[in-house]
Amino acid sequence: MVLSAILDTSILIAAISTREQHHLQAAAVLREFGQGELTLPITILSETMSLIGSRHGVSLQREVLDRIMASGVAVLPVGTQVLARAREIDGAYADAGFGFADSTLLACCEELRVARVLSLDRRLACYRPTFAPGLEILP
Amino acid sequence: MPMKKTMMYLEEEMHAYLAQEASRRGISMAEIAREAIAQYRTQSAERPTPGIAAVIGLIDTPGPPTNDAERVDELLGEYYAPSGAWDREHGLVGDS
């Protein structure tokens, strides 16, 4: 069975660093997905790069980017339509406090009609997609 | 097999090697180029794409456990805060 999922910053950060509390869980869930099954919104990549750069420096940031680019993960551009959808989500779920990056991730779920997100952020589960009963947040 | 003519520029040293190798083997330089391209294509096809698992454990530094993954917004907020680390690293405020 082909799985599809969208990657969040939290799962990447946890998988990349062995010191992270949820490293093993994050690593295990990433290993469940094969080539062509994962999508990374460009906004989430940007957030991930920013965090790694700020915490670990530009050298590791470059190494992570190289590996992501070589991984076969689809990096999804975020155009004005997705941004408009993200703004709607951000407004409709203001109490959840998703913020810009998470709102674009949820808009990408709508764009691709993918209801599975790899994330440690349980807040995302409160989002109700238009195309599915709910989001599946793994692990 | 039908062929298509093309032209390419080679560094002088690479050109000299190609000419020498062609002479040694008694074949054309183009034949060696075709062999090399075919070999490259085979190797590329056999080389597995590493997949996202290639990022796992990339940062493996000793130290206490961290929880950055669940503090992304907070950590970036601190980093980019006025007079924060970003400002200091870019000379926008003096070290204090």
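This is a predicted model: local features need pLDDT of at least 70, side-chain atom pairs count only at pLDDT 80 or more; totals for chains, interfaces and linings use all residues.
Let me start with one helix, H6 of chain A. It has 14 residues, and at 1.5 Å a residue it should span 20 Å.

What is buried along H6(A)? The list is A:Ala101, A:Asp102, A:Ser103, A:Thr104, A:Leu105, A:Leu106, A:Ala107, A:Cys108 and A:Cys109.

Now the end of that helix. H6(A) is followed by A:Arg113. A:Arg113 sits in the loop between H6 and E4 of chain A. Its phi is positive, near 55°, and it is a residue other than glycine.

Chain A has an open sheet of five strands. The order is E3-E2-E1-E4-E5, and the pairing is parallel. Which strands are at the edges? Strand E3, residues 74-76, and strand E5, residues 136-138, of chain A; each pairs on one side only. On average, neighbouring strands are turned by 30° against each other, direction ignored.

Back to our helix. H6, residues 99-112 of chain A, packs on this sheet. It touches E1, E2, E3 and E4 of chain A. Its direction makes about 135° with that of E2(A), which covers residues 38-41.

Look at one pair of strands. Strand E1, residues 5-7, and strand E4, residues 116-118, both of chain A, pair in the parallel sense over two bridges. Across that pair, A:Ile6 stands opposite A:Val117 in E4(A).

A:Val117 comes up again in the core. The largest nonpolar core has 47 residues. Which of them touch the most other members? A:Leu7, A:Ala15 and A:Val117. Take A:Leu7. Leaving out residues up to four places away in sequence, A:Leu7 touches A:Leu12, A:Leu38, A:Thr39, A:Leu40, A:Ile44, A:Val73 and A:Leu118.

One last point on chain A. The peptide bond from A:Leu138 to A:Pro139 is cis, with omega near 5°. A:Pro139 is in the segment after E5 of chain A.

On to chain B. It has four helices and zero strands. From the N terminus, the elements read α-α-α-α. Of its 96 residues, 9% are buried.

Two residues to look at here. B:Ala38 lies in helix H2 of chain B, residues 29-46. With 10 C-beta neighbours inside 10 Å, B:Ala38 counts as exposed. How far is B:Ala38 from B:Gly77, 39 residues apart along the chain? Their C-alpha atoms are separated by 52 Å.

B:Ser83 is not a glycine, yet its phi is positive, about 65°. B:Ser83 is exposed, because it has 11 other C-beta atoms within 10 Å.

Conventions
Residues are numbered from 1 along each chain as its sequence is written. Chains are lettered from A and ligands numbered from 1 in the order in which they are written. A residue is buried if 20 or more other C-beta atoms lie within 10 Å of its own, exposed if 12 or fewer, and partly exposed in between; C-beta atoms are placed from the backbone. Two strands pair if DSSP finds at least two bridges between them. Axes are lines fitted to C-alpha atoms, for helices over the stretch in contact, and angles run from 0 to 180 degrees between N-to-C directions. Two residues are in contact if their C-beta atoms, placed from the backbone, lie within 7 Å. The expected span of a helix is 1.5 Å times one less than its number of residues. A nonpolar core is a set of buried Ala, Val, Leu, Ile, Met, Phe, Trp, Tyr and Cys residues joined through C-beta atoms within 7 Å.
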